[in-house]
Amino acid sequence: MSEIIETRYVLAVPNLEASMQYYRDVLGFELFVQPPGWAYLRRDALIVMLGECPDALPVSELGDHSYFAYIVVADAAALYTEFKDKGANILKPLQTEPWEMKEFAIITIDGHRLMFGEYIS
């Protein structure tokens, strides 16, 4: 059976420059490739590929379907504090859930929702 070795998320954004700045300055990502109309950013093992699509359906119109990832991290509290201090829009505050995860959610400037969680057992 083949092993999955990396995860990349492809996201449509209306304003590539604004989205790149948000991912760098607020979420701590680093730009590593920028072909025309795209920005590939990474933070640790997470890669997002932002594609500029100014005429695409706004993600905010998708409601709960705008979640695109559940990202398991080593220290959810530290990441939550980092994002909050940098002005991230917190959608769900840090809390411990019955499914044995400490988790929180953010929403990006484009309306994409990300959930971050830490195993607690």
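Leaving aside its neighbours within four places in sequence, which residues is Ile-106 in contact with?

I looked this up in a predicted model, where local features need pLDDT of at least 70, side-chain atom pairs count only at pLDDT 80 or more, and totals for chains, interfaces and linings use all residues. Residues are numbered from 1 along each chain as its sequence is written, and side-chain values use heavy atoms, with hydrogens and water left out.

Entry 1, Ile-106. Taking contact as heavy atoms within 4.5 Å, I found Ile-106 touching Tyr-22, Leu-27, Phe-83, Ala-88, Asn-89, Ile-90, Leu-91, His-112, Arg-113, Leu-114 and Phe-116, with neighbours within four places in sequence left aside.

I then turned to nonpolar cores, which are sets of buried (under 20% relative accessible area, 1.4 Å probe, protein chains only) Ala, Val, Leu, Ile, Met, Phe, Trp, Tyr and Cys residues joined through side-chain atoms within 4.5 Å. The largest one has 27 residues, and Tyr-23, Ile-106 and Phe-116 have the most contacts inside it. Among the elements that give two or more residues to this core are helix H1 (16-25), helix H2 (76-85) and strand E7 (101-107), where helices (H or I, at least four residues) and strands (E, at least two) are DSSP runs numbered from the N terminus. I noted that in soluble globular proteins nonpolar side chains tend to be buried together.

I located Pro-36 in the loop between strand E2 (30-33) and E3, and I recorded it as exposed (over 50% relative accessible area) because its value is 77%. Pro-36 and Val-48 lie 12 residues apart in sequence and 16 Å apart in space, C-alpha to C-alpha.
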